[in-house]
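I opened a new notebook page for this structure. My plan was to look things up one by one and write down what I found.

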Amino acid sequence: MCGIVGIVSGLPVEDRLFTALRRLEYRGYDSAGIASIEDGAIVRRRAEGKLINLGRVLAEHPLNGTTGIAHTRWATHGAPTTSNAHPHATGEVAVVHNGIIENFKVLRDELMARGRHFESETDTEVVAHLISELVEDGVSPVDAVRQTLPRLRGAFALAIMFRRQPDMLIGARQGSPLVLGFGENEAYLGSDALALAPLTRRISYLEEGDWVVLTRAGAQVHDVANQQVTRAVVDSGVSSDTADKGNHPHFMHKEIHEQPVVVAQTLRSYLRRLEGTISLPIPEFDLAGVKRVTIVACGTSYYAGMIARYWIEQFAEIPVDIDFASEFRYREPRMENGGLALFISQSGETADTLAALRHARGEGQKIAVVVNVPSSTMAREADLLLPTNAGPEIGVASTKAFTCQLAVLAAFATNLAFANGRMNAADVRHVVRHLAEAPAALNAALGYEDEIRTVAQSLAEARDVLFLGRGADYPLAMEGALKLKEITYIHAEGYAAGEMKHGPIALIDEDVPVVVIAPSGPLFEKTVSNLHEVQARGGRIILISDYDGIEAAGAGCHATITMPKVHPLIAPLVNAVPIQLLAYHTALVKGTDVDQPRNLAKSVTVE
Ligand code: G6P
């Protein structure tokens, strides 16, 4: 959700800033911009829309400065126009910002009353003016920032550049991520380590409230109380070539196809295959004492959490609450001692999930986090960190992170059940055997891509699509609907199959395709009854099941998608593949932008 980057160097920075922006574009693509200092003046290049438009502007009007800041935007305040594109600047100061300055209206009125002129509708521009006012009055840049930061409410990661000090940048972080990078005689700021990977792997993570003065010689970090502090320099472990599509037409396609490998990679850290046991990264973490689990997440991660609820309730027989982070945080629920709060996030930076985590911590909960970015804020605030090793996920629609989350959650639920005496060693061995089969089953599922592509042809014509499932396939139905909405803009709803007769069945006619996820298993017959209810009303069924399920219920369906027959525990992982590929191929037919769907962004660091 907005990406920022800054470089202080002795060499031109335009190309490197642009490369970093390319690696941040998943965070927003409403506009992009770069500023640097040339001949004693702040110079900006900005363009609305995707980064490629800024590329065109730069080709015609290159920048030669050796210090610069850059931004890729997901619009919050103000339309995605060039005048609202960052950097925002006065003659003295230029600023890029990720987050929301919540009190910007008050600050803007105050600044306008003092005669300041605004050229954008953004919240960010007030930051440039507040600092500029002080600098114009002779206050040093460092003091001007120090005085301005306490006036800002909300969330921000900022990179600030000063006309009169062309060899320095100031960065600040509150609620939005910001990392520092160190090179040979140059230094960097960025929203994440991925952006800085082509520049350096030597990075420092700023803490909440930190601000930093960056020069070619390095960084001087101050904490929220303005005390000088040291933040460890670590190896980011991020390779510079990870943001590459390889032979795939889209990142989403690559990431769908990576699933067998990354799920195997993820499971390797949890399963002891030979012993038939599961070990968590912190074996001494007391799971036996857990009396209640509260799961909180957003988007696709939330649906992974819903599936985990079925597993934890079934295997560990522990009560589970689940909520969207955006609801949970403002409900401010009271939580009993002895509870475990489980947060699920690909990025580890989603603002609502992070705020929910801090609320749960305040309520005395132990904090477990399933996260894909090990250096993220959530990872650093966890008592029990449960990493998914999915590698960087660039496609805005989450795919491989989801199946890796499921793999970790299945392992976690099993361990919880074992620790609570609800499963014995033989039960665990049984689960381990089936989980270990997941990568091969995912691979087999990918083998049905041609079949799925054909089905997608007919889906592309629909205005509305229903997805139905029961048990763990109900959240999967919602995930299927979300994937379709996100990248094809077709209206879709995921529903619990048994609940359909209480409303959505009124939508059914021959124009509404209904995707039914019904693998063989204890709930199969029940779901098939609901399928017949749809058929009886002329509905067009697309049935996703295994060979036995298709044999039993495929007759009369508009289309069937045959998945490998697997244990019910890993069925949601396997059936995730056809719903992802259905959305992907439908998007191709519709010609929408698969990797960067309109209005969306990854890593949502605003509320
Ligand atoms: C955004 C992304 C989704 C993601 C959700 C939660 O909406 O587009 O793909 O599922 O945020 O993100 P997180 O990083 O917390 O899993």
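Entry 1, a cavity lining. I began with the lining of the second largest cavity, which by class has 6 nonpolar, 2 polar and 2 charged residues. I kept in mind that the model is predicted. I then looked up the names. Pro519, Ser545, Asp546, Met563, Pro564, Lys565, Val566, Ala571, Val574 and Asn575 line this second largest cavity. Strand S26 (540-546) and helix H20 (571-590) are the elements that give two or more residues to that lining. Which element gives the most to it? I found that H20 does, with 3 residues. The space in this second largest cavity is about 50 Å³.

How many cavities of 30 Å³ or more does a search of the whole structure find? I noted 3. I listed its lining as Cys2, Arg73, Trp74, Thr76, His77, His86, His97, Gly99, Thr122, Asp123 and Thr124. By class, the lining of the largest cavity has 2 nonpolar, 7 polar and 2 charged residues.

I first reminded myself of the background. Most residues other than glycine have a negative phi, and most peptide bonds are trans. His86, one of the residues that line the largest cavity, came up again here. The peptide bond from His86 to Pro87 is cis, with omega near -5°. Where is Pro87? I placed Pro87 in the loop between strand S4 (67-73) and strand S5 (88-89). Next I checked Asn185. Asn185 is not a glycine, yet its phi is positive, at about 60°. I found Asn185 in the loop between strand S9 (179-183) and strand S10 (186-190).

I looked up the domain assignment of the chain. It gives domain 1 (3-235), domain 2 (266-436) and domain 3 (447-592). The centres of domain 1 and domain 3, taken over C-alpha atoms, are separated by 45 Å.

I traced an open sheet of 5 strands in the order S19-S18-S20-S21-S22, with parallel pairing. Why is one side of S19 (320-324) and of S22 (384-387) left without a neighbour in the sheet? Both strands stand at the edges and each has a single partner strand, so one side of each has no neighbour there. From one strand to the next, the twist averages 20°. I followed one pair in detail. S18 (292-297) and S19 pair in the parallel sense over 5 bridges. Val293 stands opposite Val320 in S19. Then I turned to the helices. H9 (299-316) lies across S18, S19 and S20 (339-345), and runs at about 170° to S19. H11 (351-362) lies across S18, S20 and S21 (366-371), and runs at about 170° to S20.

I traced 5 strands here, in the order S24-S23-S25-S26-S27, with parallel pairing. Which are the edge strands? They are S24 (491-496) and S27 (559-563), and each pairs on one side only. The twist averages 15° from one strand to the next. S23 (464-469) and S24 pair in the parallel sense over 6 bridges. The bridge partner of Gly469 is Ala496 in S24. Helix H16 (449-459) packs on this sheet and touches S23, S25 (513-517), S26 and S27. I noted that the direction of H16 makes about 150° with that of S27.

Key: Residues are numbered from 1 along each chain as its sequence is written. This is a predicted model: local features need pLDDT of at least 70, side-chain atom pairs count only at pLDDT 80 or more; totals for chains, interfaces and linings use all residues. Side-chain values use heavy atoms; hydrogens and water are left out. Two strands pair if DSSP finds at least two bridges between them. Helices (H or I, at least four residues) and strands (E, at least two) are DSSP runs, numbered from the N terminus. Axes are lines fitted to C-alpha atoms, for helices over the stretch in contact, and angles run from 0 to 180 degrees between N-to-C directions. Contact means heavy atoms within 4.5 Å. Domain bounds come from an automatic or database domain assignment. On a 1 Å grid over the protein atoms alone, a cavity is a set of points where a 1.4 Å probe fits but cannot get out, and a pocket is an open set with protein on both sides within 12 Å along at least five of seven lines; lining residues have an atom within 4 Å of a point. Grid points are joined across faces, edges and corners, and a volume is the space filled by probe spheres set on the points. Ala, Val, Leu, Ile, Met, Phe, Trp, Tyr, Cys and Pro count as nonpolar, Asp, Glu, Lys and Arg as charged, and the others, Gly among them, as polar.
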